Each structure stands twice: as structure tokens, then as C-alpha cells.
Amino acid sequence: MPTYEIKVNGESKSVDVSADTPLLWVLRDHLDLVGTKYGCGIGQCGACTVHIDGTAMRSCSMTLAQVDGKSITTIEGLSEYGTHPVQEAWKEVDVPQCGYCQAGQIMTASAFLENNPNPSEEDIKNAMHGNICRCGTYNRIYKAVEKAAE
Ligand code: FES
């Protein structure tokens with residue numbers, strides 16, 4: 001089995017699992033980064049969102065071979081001590097209810113704001129629209145993204 005090299009949260013990691021292993025399971029089962037969540041496993045819910053070379057992507061739908069040589073950021077590496085502006089806004093607005101989808105929401109929001117630091121309300125809704133929250137915290141999510149952009 002070939003070894004794959006990925007950079008995760010700034011550290012180089014060698015991973016020795018089969019090429020078609022979803023990145024989500026590499027992160028959770030092999031690198032013990034369990035902040036990234038499994039929701040649907042088919043790219044539909046956004047719970048597994050991470051940044052790959054700065055772009056928000058669904059880790060359940062990317063294989064290890066597809067991310068070989070790439071730089072991955074998970075919720076654990078977004079900031080030291082949870083101080084990214086999106087994380088601060090999340091706390092201020094008290095967004096989570098059960099909390100399960102929140103890492104994915106935050107990773108989507110942070111990549112979005114990187115590319116669009118002054119979004120309209122509609123931009124925010126469009127950007128966050130693919131991340132499902134079963135508790136229905138959408139209004140607080142939108143408010144927090146707006147606050148993070150201030
Ligand atoms: Fe990846 Fe739902 S678990 S999109």
C-alpha cells in the first residue's frame with residue numbers, strides 16, 4: 001500500500017491506508033481529529049466540511065488519493081484556542097443547540113468570509129445553504145456569520 005503525504009493543521013502527516021479511504025475517516029480514525037463529523041457520508045449535509053488548500057470541501061466525499069500533497073485544515077486547526085473571528089461570533093451569538101453540525105458550519109463560514117469579507121445577507125444565506133442543521137439554528141448561524149464579517 002502506498003503512503004500518502006498530507007499536511008494537516010500545519011503538520012506533515014504520512015498516512016498508510018488505501019487510496020480510496022474517505023478523508024473524513026483518515027482524519028477521525030487515523031489522525032484522531034474527531035471535531036470533523038460524519039452526518040450523511042454522501043456529500044449532502046456539510047457536517048464533515050474541512051478546508052483543502054483553503055477551500056471548504058466535504059471530507060466524506062474526497063478520497064485520500066485526491067488530497068495527497070494538499071494542505072488540510074480541520075476545526076482543530078482553524079485557530080489556537082477557538083479565537084478565529086467566526087468562532088468568536090459563534091460564541092457571542094450562542095449559535096449551537098445540539099452542536100453536531102457546528103464544526104462544518106464554522107469551516108464553511110470561515111472559508112466563505114475569506115473570499116467575501118463583506119457579504120450581503122443573501123450572500124450569507126447562499127454560502128451556508130448547503131450545511132444542514134437539524135436543530136434549525138439557521139437564523140443564529142446567519143447572524144453569527146454577519147457578526148464575524150463586521
Ligand atoms: Fe459529508 Fe454529510 S457527512 S456531507
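Mentor: Let us begin with the domains: 15 residues of domain 1 are in contact with 12 residues of domain 2, where contact requires C-beta atoms, placed from the backbone, to lie within 7 Å. This is a predicted model, in which local features need pLDDT of at least 70 and side-chain atom pairs count only at pLDDT 80 or more, while totals for chains, interfaces and linings use all residues. Residues are numbered from 1 along each chain as its sequence is written.

Trainee: Which elements give two or more residues to the side of domain 1 that touches domain 2?
Mentor: They are β3 (49–52) and β4 (55–58); β3 gives the largest share, 3 residues. Strands here are DSSP runs of E with at least two residues, and helices are runs of H or I with at least four, numbered from the N terminus.

Trainee: How are the two domains bounded?
Mentor: Domain 1 spans 4–76 and domain 2 spans 80–149, bounds that come from an automatic or database domain assignment. Their C-alpha centres lie 20 Å apart.

Trainee: Which residues of helix α1 are buried, and what do they pack against?
Mentor: In α1 (residues 23–30) the buried residues are L23, L24, V26 and L27, and they pack against β2. Just after α1, D32 takes a positive phi of about 60°.

Trainee: What makes α4 and α5 oblique to each other?
Mentor: The axes of α4 (residues 121–128) and α5 (residues 138–149) come within 10 Å and cross at roughly 120°. Angles under 35 degrees count as roughly parallel, over 145 as roughly antiparallel, 65 to 115 as roughly perpendicular and the rest as oblique. The pair is therefore oblique.

Trainee: Which residues make that contact?
Mentor: I124, K125 and M128 of α4 meet I141, Y142, V145 and E146 of α5. By class, the contact has 5 nonpolar, no polar and 2 charged residues. Ala, Val, Leu, Ile, Met, Phe, Trp, Tyr, Cys and Pro count as nonpolar, Asp, Glu, Lys and Arg as charged, and the others, Gly among them, as polar.

Technical notes. Axes fitted to C-alpha atoms, helices over the stretch in contact; angles between N-to-C directions. Contact = placed C-beta atoms within 7 Å. Buried ≥ 20, exposed ≤ 12 C-beta atoms within 10 Å, placed from the backbone.
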